[in-house]
Amino acid sequence: MSEHTAVRVSERTATHCPYCALQCATLLGRSPDGTLDVEPAPDFPVNRGGLCQKGWTAPALLDTPRRLRTPLVRGADGRQTPTDWDTALDTVADRLLRIRDEHGPDAVGVFGGGGLTNEKAYLLGKFARLALGTSQIDYNGRFCMSSAAAAGNAAFGTDRGLPFPVTDLGEAEVILLAGANPAETMPPLMRHLTRPDLIVVDPRRTRTAAAAALHLQPAPGTDLALALGLFHLAVTDGRLDKTYVDERTRGFDETWRRAVTWWPERVERVTGVPVADQRRAVRMLGDASRTHVLTGRGVEQHSKGTDTAAAFINLALALGLPGREGSGYGTLTGQGNGQGGREHGQKADQLPGYRLITDPGARARVAAVWGVDPATLPGPGRSAYELLDALGTDDGPRALLVLGSNPVVSAPNAAHVTRRLAALDLLVVADFVPSETAAMADVVLPVTQWAEEEGTMTNLEGRVLRRRRATPPPPGVRGDLELLHGLAVRLGEPPERYPTRPREVFDELRAASRGGIADYSGIDYDRLDAGEALHWPCPQPADGEPPHPGTPRLFLDRFAHPDGRARFAEVDHRDGADPPDAERPQYATTGRVLAQYQSGAQTRLVPELNEAAPEVFVQIHPDTAARARLTDGRLAVVRSAHGATVARVRLDGTLRPDTVFLPFHYGGDGRANLLTGPALDPRSRMPEFKVTAVRVEPWTEPG
């Protein structure tokens with residue numbers, strides 16, 4: 001089957017939704033008026049014939065009037081003006097060469113995205129390290145999955161969001177969801193969550209919490225204390241699976257010495273969660289025979305996010321869940337390729353196959369595939385926020401190439417990041433819509449969208465999926481692989497080092513990942529196009545052996561550490577970097593709403609979605625609003641130590657009186673991340689998005 005041969009069902013192209021990590025299966029076809037329309041594939045086990053509002057409206061973005069269709073270069077007058085591709089690429093390459101010659105290779109940075117296909121993420125990491133020779137590459141997935149990944153690697157020896165198929169969740173009796181709101185962020189997942197009793201940990205009474213058998217509503221930033229308390233009760237109330245702990249884990253005694261002081265009454269004082277609810281949660285978890293503990297961004301996007309994720313893993317280990325069929329621990333990956341995007345080299349510390357760039361063996365393996373001396377590969381670079389923070393400084397990058405990201409809106413401490421982007425000598429953005437970051441760029445390169453390209457994605461359960469082209473891109477638009485090839489050749493690289501056909505890139509990715517943690521070497525386009533469900537690791541078999549079937553369930557026999565045992569983590573609660581005080585008495589927490597996605601650069605251009613959620617709001621308890629003289633439906637100013645945002649007041653009596661909520665999908669003065677600060681988790685380098693001290697005041701007309 002050729003690369004551009006689509007798999008068709010009733011004259012429709014079988015592919016996957018462009019949004020979240022569920023990667024719901026869809027069928028694209030032409031309606032009578034010639035426009036592309038979508039329907040859900042009925043037999044894909046993840047979405048089971050369902051789509052959310054974003055999935056149903058995804059084709060509308062393909063022909064949005066604001067689609068980028070020609071390269072733009074900023075002229076001497078400060079305006080972005082249309083040009084041709086050769087001129088744009090020549091401009092970028094010439095300026096990159098001058099900056100590199102004057103300031104060295106690390107004067108050029110690269111910022112990738114968790115929505116890029118596996119092929120793009122792989123080639124972007126290769127381009128950064130070979131064509132640019134820079135260590136300064138990271139991606140927006142650092143803002144999403146890094147804390148869960150760090151905790152999972154430490155506990156299990158590997159990081160795969162769900163180490164079991166999504167369908168296992170539907171057979172569970174009890175599921176604890178900590179900091180996750182799938183009813184709004186990935187609604188088709190709720191089809192698997194109707195049978196189990198849900199325990200939801202969230203400071204807000206979200207749609208998911210409203211569907212729960214038990215809602216634990218801790219103060220923002222206290223999830224770690226709650227997890228320690230639940231672990232304490234699991235041990236003291238006789239729920240500890242001692243045989244499992246003795247045979248399959250290490251480190252319990254040290255972990256228990258920390259948790260022993262977190263008795264239920266202390267946990268209630270810190271978190272606000274009643275003792276009775278803590279005990280009920282542990283009883284529900286312990287009495288069930290098929291149980292899962294799942295975490296999301298709500299407990300991970302903190303300056304202690306890794307420790308918090310580890311504390312929930314500790315609870316799962318104490319109950320004997322990971323590696324037991326029908327039970328387990330997992331994290332709900334967010335972005336469309338948030339799993340594959342963190343495996344193949346666009347992270348600061350990583351090489352393909354989830355290899356560490358500091359490992360001599362990994363460097364030798366990948367360098368051999370690339371045909372270079374391992375000594376020429378740069379070392380680890382700065383993490384995402386640290387990279388953005390260093391832009392335009394004496395020892396930071398002077399140029400930045402951005403693919404698949406909108407950090408003006410999505411990065412923390414957004415006003416500061418915007419100033420740093422403005423300080424660059426060269427900002428290049430590849431996108432298909434005019435995002436806020438693209439509006440700042442010196443060069444904008446228009447690239448293909450999901451339905452216009454081939455490739456692979458890896459969903460939240462580690463299953464590798466085929467993205468298929470259903471329609472050609474508009475004239476003047478190129479794929480990211482073509483973009484990277486064109487730049488690499490202009491920078492002096494051999495053309496054959498940067499293939500432009502996704503199948504060729506994937507075959508090279510397979511070779512580079514072989515023997516790594518995320519081993520894709522036994523997966524190929526033919527197997528995927530034949531409909532095989534292939535989860536990594538899927539190694540290439542020895543000669544004469546049958547193809548590897550993939551690994552839908554990890555850890556059934558052993559964990560990925562050399563001794564085969566999981567690790568408890570010795571963690572303790574600490575306050576966040578920005579606790580409330582008399583001047584800023586409320587906690588602000590940020591998140592998503594049903595009709596928008598990530599920075600909103602895409603979904604704000606879809607009329608149906610923007611009508612459903614047109615502007616930023618600040619959700620606040622009526623009593624808190626009354627004290628602050630706020631009126632429902634009127635504008636307010638939310639102020640932190642880092643900045644201020646303007647949002648419309650939305651009263652909600654289910655919210656904690658000490659907490660306000662803002663969605664982060666909006667630009668301009670409505671950016672929620674104008675409030676968030678620079679604090680980072682010391683291990684994952686995750687920013688603290690989920691808790692910031694704020695004051696909310698009525699908005700007044702300037703002047």
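**Exercise 1.** Is Asp-658 buried, partly exposed or exposed?

*Solution.* We are working with a predicted model. Start with the relative accessible area of Asp-658, which is 22%. Buried would need a value under 20%, and exposed a value over 50%. Asp-658 is therefore partly exposed, at 22%. Now look at its partner: the side chain of Asp-658 meets that of Arg-656 in a salt bridge, 2.9 Å from N to O. Arg-656 has a relative accessible area of 16%, so this residue counts as buried.

**Exercise 2.** Find the residue that forms a salt bridge with Glu-452, and say where both partners sit.

*Solution.* First, the partner is Arg-67, with the closest N and O atoms 2.8 Å apart. Finally, check burial: both Glu-452 and Arg-67 are buried.

**Exercise 3.** Describe the salt bridge between Glu-325 and Arg-553.

*Solution.* Begin with the distance: the closest N and O atoms are 3.9 Å apart. That is within the 4 Å cut-off, so the pair counts. Then turn to accessibility. Glu-325 is exposed because its relative accessibility is 51%, whereas Arg-553, at 27%, is partly exposed.

**Exercise 4.** How many salt bridges does the count come to?

*Solution.* The count comes to 39 salt bridges.

Conventions: Residues numbered from 1 in each chain as written. Predicted model: local features only at pLDDT ≥ 70, side-chain atom pairs only at ≥ 80, totals over all residues. Heavy atoms only, no water. Helix = DSSP H or I, 4+ residues; strand = E, 2+ residues; numbered from the N terminus. Buried < 20%, exposed > 50% of the residue type's maximum accessible area, 1.4 Å probe, protein only.
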